[in-house]
Amino acid sequence: MARAKKSVLSLPDGVPVVFAVALSLCPLILVAFLEIVLVLQREFYVVSSVVPGIPLVSLTLLRLRKSQPALFAVLMIALGGLALIALLEIYVARPLLLMIFACLAVVLSIPVVILVVQKFVKTALIVYLLFLCGFVVFHNVPWSSRHGFLRELGRIKPGRYLDRTHPGIVATARRHGPGMTFAEVEELMGCYPVLIGEKWYRPLKEPSNGRVRFAANYEPDINARRKVKVMNGRAGYQYSGEARFNGDFGWVDFRDGRVVRVKFLPD
């Protein structure tokens, strides 16, 4: 009897599923390393949560196509609409990053793809759920002072404005509702020094996690910051005096008293 041809993606004979699962931990280790070094953005976690699940969803849809064609059609329309909305939202804001994140997500999904091809569907589902749990932890745990700063900076919501003078990677997508006011931004960022115009203003409150102070020519009046208002201009926040972080800036642009753009410039 002729021996069946083995798939290119087949695991070597005798390799247990446990070993395949152990190998699948490598992507999580890679994400943990990138999070500590770079601090990954929310869009990365969105893309990396969706892409590894595609093999499992595809397998389910193929089975539904045969048994429940009507339900298959409804799910395809719904999933296609959600995917289109997500891609447009991220693409308008950061098209280059979307491509980079998508490539990384494809690499991270390789263990799940292999397990699905090998018909270890239950194991693939467990691995995928492990990915999701790991992503939640990595996104929320403050690995460094930069990580915490970016999480707080990300809470600042810009309004309905698309900066046509800065297309592509630094453009801000249209959002629903007006952007935050300067006073609302200060509520979030008050524990950080701020640069407005050419003047540095000291923090409004003491940092709660021992952030490293840095030398700055603060405005002499300790209450001066409470009197400042930004209508059309920019406020720059900084958070650390450590050598590897002292060039990091969080910039918030205002138009007519509302936030129109938020961006982070690393050291």
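Predicted model: local features only at pLDDT ≥ 70, side-chain atom pairs only at ≥ 80, totals over all residues.
**Strand pairing, nonpolar cores and a surface patch**

In the hairpin formed by S4 and S5, two residues lie between the strands, and Asp256 adopts a positive phi near 55 degrees.

Strand S4, which spans residues 249-255, is mostly covered, with six of its seven residues buried.

These strands belong to a protein chain that contains 10 helices and five strands. Of its 267 residues, 40% count as buried. Among contacts between residues at least 6 apart in sequence, 61% join residues at least 24 apart. The accessible surface of the chain comes to about 16,000 Å², and carbon and sulfur atoms account for 66% of that area.

In soluble globular proteins, nonpolar side chains tend to be buried together. In the present model, the largest nonpolar core comprises 24 residues, and Ile156, Met189 and Tyr237 are those with the most contacts inside it. At least two residues of this core are supplied by each of helix H8 (145-153), helix H9 (182-189), strand S1 (194-196), S3, S4 and S5. H9 gives the most to the core, with four residues. When neighbours within four places in sequence are left aside, Met189 is in contact with Phe149, Glu152, Leu153, Ile156, Arg225 and Tyr237. Two of these partners, Ile156 and Tyr237, are named with Met189 among the residues with the most contacts inside the core. Apart from this core lies another, of 23 residues, which includes Leu28, Leu34, Val47 and Leu115.

Val57, Leu71, Leu75 and Leu79 make a nonpolar surface patch of about 290 Å². Helix H4 (residues 69-93) provides the largest share of this patch, namely three residues. Leu79 is located in helix H4. Because its relative accessibility is 39%, Leu79 counts as partly exposed, a class that lies between the buried limit of under 20% and the exposed limit of over 50%.

How values were computed: Residues numbered from 1 in each chain as written. Heavy atoms only, no water. Buried < 20%, exposed > 50% of the residue type's maximum accessible area, 1.4 Å probe, protein only. Contact = heavy atoms within 4.5 Å. Areas by Shrake-Rupley, 256 points an atom, 1.4 Å probe, with all protein chains shown as cover. Pairing = 2+ DSSP bridges. Patch = residues over 30% accessible without salt bridge, like charges linked within 9 Å, V, L, I, M, F, W, Y side chains within 5 Å. Salt bridge = Lys/Arg side-chain N within 4 Å of Asp/Glu carboxyl O. Core = buried A, V, L, I, M, F, W, Y, C linked by side-chain atoms within 4.5 Å.
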